[in-house]
Amino acid sequence: MLIVISIMFAGFLVGFLLRKKDKVSKYVDVLINSAIILLLFFLGVSVGINEKIINNFEQLGFEALMLTVGAVIGSLVVTPFIYKFILPKNEK
């Protein structure tokens with residue numbers, strides 16, 4: 001865990017030092033999007049390899065769908081209140 005926090009802190013320092021360079025920011029955005037796509041791909045590979053998940057996919061899929069629908073509905077209900085009551089007016 002200390003390694004993960006150290007890597008994150010090192011990234012923070014590099015980002016802080018390079019924060020005024022627009023070109024670096026664009027490359028970092030591309031790298032982040034690429035890393036996320038790769039992570040999603042390997043997550044899919046991991047799920048595909050796991051026999052237990054594949055054998056219970058129908059049940060897990062239904063539960064995952066219900067969790068997703070609940071999260072979307074909860075976000076849609078709560079977000080307007082946050083914008084109206086919690087965020088300062090200049091951040092809207």
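Student: What percentage of the 92 residues of the protein count as buried?

Tutor: Buried is a label for residues with under 20% relative accessible area. In this protein, 0% of the 92 residues count as buried. Keep in mind that you're looking at a predicted model.

Student: Then how should I read the confidence, and where is it lowest and highest?

Tutor: The general idea is that where pLDDT is low, the predicted coordinates should not be read in detail. Here the mean pLDDT of the protein is 89, with 97% of residues at 70 or more. The lowest confidence is in helix α3, residues 51-55, with a mean of 86. Helix α1, residues 2-17, has the highest, at 93.

Student: How many helices and strands are there?

Tutor: You'll find 4 helices and 0 strands. Going from the N terminus, the order is α-α-α-α. The protein is more spread out than a compact globule, because its radius of gyration is 20 Å, well over the 12 Å that the globule rule gives for 92 residues.

Student: What box do the C-alpha atoms fill?

Tutor: Taken along the principal axes, that box is roughly 50 × 40 × 25 Å.

Student: Where does L31 lie, and is L31 buried or exposed?

Tutor: To call a residue exposed, you need over 50% relative accessible area. L31, found in helix α2 (residues 22-49), has 59%, so L31 is exposed. K52 belongs to helix α3, and its relative accessible area of 64% makes K52 exposed.

Student: What about the surface of the whole protein: how much of it belongs to carbon and sulfur atoms?

Tutor: The accessible surface comes to about 8800 Å², and 74% of that belongs to carbon and sulfur atoms.

Student: Which residues form a nonpolar patch on the surface?

Tutor: The patch is made up of F62, L65, M66, V69, I73, V77, V78, F81, I82, F85 and I86. Together they have about 1100 Å² of accessible area. One of them, F62, has its place in helix α4, residues 57-86. F62 is exposed, since its relative accessible area is 51%.

Student: And the aromatic rings? How do I describe a pair, and how many are there?

Tutor: In general, a pair of aromatic rings is described by the distance of the centres and the angle of the planes. In this structure the count comes to 4 aromatic pairs. One of them joins F41 and F42: it's edge-to-face, at 5.3 Å centre to centre with 75 degrees between the planes. F41 and F42 are both exposed.

Student: Why is the pair of F81 and F85 called stacked?

Tutor: Planes under 30 degrees apart count as stacked. The planes of F81 and F85 are at 10 degrees, with the ring centres 6.3 Å apart, so the pair is stacked. These two residues are separated by about one helical turn, because they are 4 residues apart in helix α4. F85 is also exposed, with a relative accessible area of 60%.

Student: Which residues do ring pairs link into a cluster?

Tutor: That would be F9, F12 and F16. Find those three in the structure and you can trace the ring pairs that link them.

Technical notes. Residues numbered from 1 in each chain as written. Predicted model: local features only at pLDDT ≥ 70, side-chain atom pairs only at ≥ 80, totals over all residues. Heavy atoms only, no water. pLDDT = per-residue confidence, 0-100. Buried < 20%, exposed > 50% of the residue type's maximum accessible area, 1.4 Å probe, protein only. Patch = residues over 30% accessible without salt bridge, like charges linked within 9 Å, V, L, I, M, F, W, Y side chains within 5 Å. Areas by Shrake-Rupley, 256 points an atom, 1.4 Å probe, with all protein chains shown as cover. Salt bridge = Lys/Arg side-chain N within 4 Å of Asp/Glu carboxyl O. Rg over C-alpha atoms; globule rule 2.2 N^0.38 Å. Phe/Tyr/Trp six-rings, centres within 6.5 Å; stacked < 30°, edge-to-face > 60°.
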